[in-house]
Amino acid sequence: MNLDLDALRRLDAPRPTSAALDDARDAARERLLATIAAGSGAPPESKRTTRRSRRVATSALATCTLTAVLLVGGLLGSRAPRTPAFWNAVVDVTHPPVASAAPALRGAARAAAAQTARPFTAGSVWVTRTRESELIVDRRGFASVQPTTVELTTNFEGAVHMRTAKAGPLQLMNRASLTAWRDAGSPMLGGGGYDGVLTYPKGDRSDAPYQFGGRFRSYRELLALPRDPEALGRELRAAVAAGPTPANSWFQLNAITDLMERVPLPPDLRAGLWRVAADLPGIKLVGRQADRLGRSGTAVVVKFGHEWRQVVFDPRTGALLASRIVNLRATTTCDRDMAPCRDGRPTAEGGQHRGSRKVIAPAGSVEYEKLYLSMEVRPAPVSPKSRTP
Amino acid sequence: MPPSDAELIRRSREEPEAFAGVFDRHYDRIAAYVRRRLDEGAEDVTADTFVAAFQQRERFRAEHDSALPWLYGIATNMIRGRRRSERRRLRAYCQHAGRERDLDDSPDLDGRLDAAADAPRVARALERLPRRDRDALLLLAWAELSYEEIAEALQIPVGTVRSRISRARRRLRAALDATATIDDASIHRDPSEELA
């Protein structure tokens, strides 16, 4: 008999309101993240300055993923880790989601609208930290990922300071990749990733902040965007159409998440963007999903060609947690040089199909992933010049 | 398949942000446990628990998949530093016998009356337990840990957990039985005898 334990279990403290519980959780999370940020310190700077572009403009990935990774893969070289680590990020693509994502996204809009935001002024900077991972298939057919932490500090005028650092060891795709790589004599791998610092002025790059689709706007112009989802949706479509990519749902969702990341938007504008996302044709609900950091969120997906673009957000705050590109087809080798191809057809670099195909990355492989670690407005650091009398 | 706690903590050595996954997964349970044990400052203690866990993550033993027992252990240590708050919480249980929520939520009248009657006795018995016995018993009853997990949380052998819980439950039962006997006697006593 457990009457004593039953009696004990009936003792319970009064439960606070849901709002109070949420506030306490958010405060505790912020405290932990502040400790993490203070404890981990800034990534080490390298003297090498890299010109490799930040992979914010995922639109580029949709059109030239493999070509780009082949080039990068051939240029960079990395040692594989002593202790093998595997990327192994494969999404089940056999049952495409069919439920509408609109209710979940409207929920995100309501949650975003209820948040508060610190004002972004000339005396402040917008600091974002993301973890970017891209599956690189080099010309020998070895697939690997080098996770990289990217910290962007953007000032009010739109100048950006970017700091990057490798985040953890190089990861091979899976155990089969490791075996193939060892059989080949453990060559240097083109896993990408880099340590470096780059500063570029306003409007100097295609992925500069304050870019809305294919158009460049000032921060004030962005703030003046309409909040009404219909009008904002029209602005979005026109902005995306002004760029080099199709103005479809894939690229519109891309523009929405890019804007949310690059610019400190007021809550009502973030809410408006989530409502626009809710109305995008073909956007589907994946459901609850944990990202690679174990954070739980709601995932939605849009398909374009043979790729899915997934976005994971926190339904309690409307904050971005992750975005990823999933290849719906397998990437295989198909000639004796192990050059990659898709569905048996070699890519331009791959030559003719002369041998048996081997799967490098199965259908559903996550080819690109960005984890949103933190985004905040901070006071602008005092520059050395301004301290000089 | 989401990564295990052990995997997240291992990753957090190189990617500190991975530890946020441990927080998201376990915050609610740790917070509910601490709230049940402390009258005030429960939010701070819960937040401190996760900060301390992050700072001590090298001590987490990788052979355990779940970090939950380890987190309960840290929370228990934090609670030990708040004796006054814990005492106030236990006395609140004594004073608010048959709290409204219990009475409203219990489906049957007997259950509601039991809850109302037992609360002060249980709370008084808990207050009188040695701290170490109370920690073990509450990790069993409120945190719903197994004996092995309690051993892991408190860093003591399983045999010690058994003896502490056994001792604590004996005292708890004695407190309940003793009071019940008196109550039963008072129920069945003939009122005329009191007058006589």
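Me: In what sense do strand S9 and strand S10 of chain A pair, and over how many bridges?

Reply: The model is a predicted one. In chain A, strand S9 covers residues 284-290 and strand S10 covers residues 296-304. One pairing to look at is that of A:Arg288, whose bridge partner in S10(A) is A:Thr298. The two strands pair in the antiparallel sense, and the count of bridges is six.

Me: Which residue in the hairpin of S9(A) and S10(A) takes a positive phi?

Reply: The hairpin has five residues between the strands. A positive phi near 85° is found there at A:Gly294.

Me: Which residue of S11(A) stands opposite A:Val300?

Reply: S10(A) also pairs with strand S11 of chain A, residues 307-314, in the antiparallel sense over seven bridges. These strands form a hairpin with two residues between them, and A:Gly305 in the turn has a positive phi of about 60°. Opposite A:Val300 stands A:Val311.

Me: Why is helix H1 of chain B described as largely enclosed, and which helices do its buried residues pack against?

Reply: A residue counts as buried when its relative accessible area is under 20%. Six of the eight residues of H1(B), residues 5-12, are buried, so the helix is largely enclosed by the rest of the structure. Those buried residues are B:Asp5, B:Ala6, B:Leu8, B:Ile9, B:Arg11 and B:Ser12. In chain B they pack against helix H2 (19-37) and helix H4 (68-80).

Me: Which three residues supply more of the area that chain B buries against chain A than any other three?

Reply: The contact takes 48 residues from chain B and 39 residues from chain A. Between them the chains bury about 3800 Å², with 59% of it on carbon and sulfur atoms. Of the area that chain B buries, 17% is supplied by B:Glu17, B:Phe23 and B:Arg35.

Me: How far apart are the closest N and O atoms in the salt bridge of A:Arg131 with B:Glu15?

Reply: Across the interface of chain B and chain A, the rule finds seven salt bridges. A salt bridge requires a side-chain nitrogen of Lys or Arg within 4 Å of a carboxyl oxygen of Asp or Glu. For A:Arg131 and B:Glu15, the closest N and O atoms are apart by 2.8 Å.

Me: Which helix gives the most to the side of chain B that touches chain A?

Reply: Across this interface the rule also finds 12 residue pairs in polar contact. By class, the side of chain B that touches chain A has 26 nonpolar, two polar and 20 charged residues. The helix that gives the most to this side, with 10 residues, is H2(B).

Definitions and conventions:
Residues are numbered from 1 along each chain as its sequence is written. Chains are lettered from A and ligands numbered from 1 in the order in which they are written. This is a predicted model: local features need pLDDT of at least 70, side-chain atom pairs count only at pLDDT 80 or more; totals for chains, interfaces and linings use all residues. Side-chain values use heavy atoms; hydrogens and water are left out. Two strands pair if DSSP finds at least two bridges between them. Helices (H or I, at least four residues) and strands (E, at least two) are DSSP runs, numbered from the N terminus. Buried means under 20% relative accessible area, exposed over 50%, partly exposed in between (1.4 Å probe, protein chains only). Contact means heavy atoms within 4.5 Å. Buried area is the accessible area (1.4 Å probe) that two parts lose on being put together, summed over both. A polar contact is a pair of N or O atoms within 3.5 Å; within protein, one must be able to donate a hydrogen and the other to accept it, and residues adjacent in sequence count only if both atoms are side-chain atoms. Ala, Val, Leu, Ile, Met, Phe, Trp, Tyr, Cys and Pro count as nonpolar, Asp, Glu, Lys and Arg as charged, and the others, Gly among them, as polar.
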